[in-house]
Amino acid sequence: MRLPHHLENERNVNTTGLDAIDRKILTQLQRDGRVTNTGLAELVSLSPTAVLARTQRLYREGYIKNVEAQLDAKKLGVGTILFVEVRLDRTTPNVLDAFSAAVQVHPEIAECHLIAGGFDYLLKMRVKDMDAFHQFANTRLWSFPGVRETRTYAVMQEVKSSTRIAV
């Protein structure tokens, strides 16, 4: 879908310190983090030396945090996805910090977000099955610091999952 001309110009305004070539590099690296420097240079129409310098700058300035392999959760036996709303008994800094620390050490928790609204945290979890989640909830989650209440939503179908950011 093409944007109206006046909106397209607004979208292209450089507010992040990135030019069009930087954006192309970031887009290509999101598509394939294993692309060679030479391949990337061809894709963005620059010399390999110039692409390497730009890519190193993008890392140095924090635009690229990491390059990771995207794994198949089902093949690895953790294909069940759940979202869990967590309400804490208090939202004092020490309780928030303790809860955040507890979340870090559990690989079943793929994402954890502090939320403004009717609950405090939203967790995205990946587990083998509902029995595995039930065991995790009973033995770990409900004993995390400050947890007063949880609500769990099981994903029936993963319609879209992406870590890509529009650049």
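These legends go with several close-up views of one predicted model. Local features need pLDDT of at least 70 and side-chain atom pairs count only at pLDDT 80 or more, while totals for chains, interfaces and linings use all residues. Residues are numbered from 1 along each chain as its sequence is written, and side-chain values use heavy atoms, with hydrogens and water left out.

**View 1. The largest nonpolar core.**
This core has 20 residues. A nonpolar core here is a set of buried Ala, Val, Leu, Ile, Met, Phe, Trp, Tyr and Cys residues joined through side-chain atoms within 4.5 Å; buried means under 20% relative accessible area, exposed over 50%, and partly exposed in between (1.4 Å probe, protein chains only). Val86, Leu88, Phe99, Leu123, Met125 and Phe144 have the most contacts inside the core. At least two residues each come from strand S1 (80-88), helix H5 (93-104), strand S3 (121-127) and helix H6 (130-139), with H5 giving the largest share, five residues. Helices (H or I, at least four residues) and strands (E, at least two) are DSSP runs, numbered from the N terminus. Zoom in on leucine 88 and, leaving out residues up to four places away in sequence, you'll find it touching Val95, Leu96, Phe99, Asp120, Tyr121, Pro145, Gly146, Val147 and Arg148. Contact means heavy atoms within 4.5 Å.

**View 2. Helix H3 and its cover.**
H3 spans residues 37-44, and its buried residues are Gly39, Leu40, Ala41 and Val44. Their cover includes helix H2 (20-31) and H4. Threonine 55 sits in helix H4 and counts as buried because its relative accessibility is 11%. Setting aside residues up to four places away in sequence, threonine 55 touches Ile25, Leu29, Leu40 and Ile64.

**View 3. Asparagine 37 in helix H3.**
Asparagine 37 lies in H3 and is partly exposed, at 26% relative accessible area. Its side chain has a polar atom 2.8 Å from the backbone oxygen of proline 48. The backbone nitrogen of leucine 52 is 3.4 Å from a polar atom of the asparagine 37 side chain. Beyond neighbours within four places in sequence, the contacts of asparagine 37 are Pro48, Val51 and Leu52.

Arginine 54 belongs to helix H4 and makes a salt bridge with aspartate 19, the closest N and O atoms being 2.9 Å apart. A salt bridge is a side-chain nitrogen of Lys or Arg within 4 Å of a carboxyl oxygen of Asp or Glu. Aspartate 19 is in the loop between helix H1 (5-11) and H2, 35 residues apart from arginine 54. The arginine 54 side chain also has a polar contact of 2.8 Å with that of aspartate 22; a polar contact is a pair of N or O atoms within 3.5 Å, where within protein one must be able to donate a hydrogen and the other to accept it, and residues adjacent in sequence count only if both atoms are side-chain atoms.

**View 4. Arginine 87 with glutamate 149.**
These side chains form a salt bridge at 3.5 Å, N to O. Arginine 87 is in strand S1 and glutamate 149 in strand S4 (residues 147-154), 62 residues apart. Arginine 87 is partly exposed at 25% relative accessibility, and glutamate 149 is partly exposed at 29%.
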